[in-house]
Amino acid sequence: MSILKVDTINEKTTGNGVHIKGHIVQVVNSSVSGMVTVGSAGSLTYGDVHTATITPQFDTSKILLLSNYGYGDSSAAGGGGVTRYLRDGTVIATFNVQWMGANAGIGFYSTASHCYLDSPATTSQITYKLQATTQSSSDAFYYNANFTGHTSQEATLTMMEIAQ
């Protein structure tokens, strides 16, 4: 049996990249710090809350999407919201964000994390979006809110290209 030990692996031809199955090819992180309000009385429409782009190096790669954010509701009665990932305008995953009642008069605030493994089959630039809406037409959904009320924290959307 032979053992191969190296300090560096370089491409033979510039632009081809080193393609090792299961390895992370690139990581793109996007963060936002402003709070976004979606939904309101009488409206259950989705709103864009976070957008980021990545250009895969290989058309066989998978993209692991990871998001982390604070969220809240305008009502102390409890309720919920729905978030979803889109790839170039097409819904690829949907998540329920539920909560119970909170402090009277100030609504509910917490954090959420989502992950999804996508297979885009392209080397063209991809735009991923996270959208949100409220589940109650009488409440608003606050994306990137924190426990001190209607102020923001940092929300992240991370995309990791994984070679296949």
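Visitor: What makes Leu4, Val6, Ile9 and Ile20 a nonpolar surface patch?

Guide: These four residues make a patch of about 410 Å², an area from the Shrake-Rupley method with a 1.4 Å probe, where for residues only the protein chains shown count as cover. Patch members have over 30% relative accessible area and no salt bridge; nonpolar side chains (Val, Leu, Ile, Met, Phe, Trp, Tyr) are joined within 5 Å, and like charges within 9 Å. The model is predicted: local features need pLDDT of at least 70, side-chain atom pairs count only at pLDDT 80 or more, and totals for chains, interfaces and linings use all residues. Residues are numbered from 1 along each chain as its sequence is written, and side-chain values use heavy atoms, with hydrogens and water left out.

Visitor: Why is Ile9 called exposed?

Guide: Its relative accessible area is 53%. Exposed means over 50%, buried under 20% and partly exposed in between (1.4 Å probe, protein chains only), so Ile9 is exposed. Ile9 lies in the segment before strand S1 (24-32); strands (E, at least two residues) and helices (H or I, at least four) are DSSP runs, numbered from the N terminus.

Visitor: How do you know that Lys129 and Asp48 meet in a salt bridge?

Guide: Their side chains are 3.0 Å apart, N to O. The term requires a side-chain nitrogen of Lys or Arg within 4 Å of a carboxyl oxygen of Asp or Glu, so the pair qualifies. This pair links Lys129 in strand S8 with Asp48 in strand S3, 81 residues apart. Lys129, at 27% relative accessibility, is partly exposed, and Asp48, at 39%, is partly exposed as well.

Visitor: How many salt bridges does a search of the whole structure find?

Guide: It finds two. In one of them, the side chains of Asp118 and Arg87 meet at 2.6 Å, N to O. In general, side chains of opposite charge can pair when their charged atoms come close.

Visitor: Is Asp118 buried or exposed?

Guide: Asp118 has a relative accessible area of 2% and therefore counts as buried. Arg87, at 23%, is partly exposed.

Visitor: Why does Thr158 count as buried?

Guide: Its relative accessible area is 13%, which means it is buried. Thr158 lies in strand S12.

Visitor: What makes the pairing of Thr158 with Asn29 a polar contact?

Guide: The two side chains make this contact at 2.6 Å. A polar contact is a pair of N or O atoms within 3.5 Å; within protein, one must be able to donate a hydrogen and the other to accept it, and residues adjacent in sequence count only if both atoms are side-chain atoms. Leaving aside residues up to four places away in sequence, Thr158 touches Val27, Val28, Asn29, Leu64, Leu65 and Leu66, where contact means heavy atoms within 4.5 Å.

Visitor: What makes the 23 residues a nonpolar core?

Guide: A nonpolar core is a set of buried Ala, Val, Leu, Ile, Met, Phe, Trp, Tyr and Cys residues joined through side-chain atoms within 4.5 Å. The largest has 23 residues, and among those with the most contacts inside it are Leu65, Tyr69 and Phe141. Elements giving two or more residues to this core include strands S3 (47-54), S4 (62-73) and S12 (155-162).

Visitor: What is the phi of Ala121?

Guide: Ala121 has a positive phi of about 55° although it is not a glycine. Ala121 is in the loop between S7 and S8, and at 58% relative accessibility it counts as exposed.
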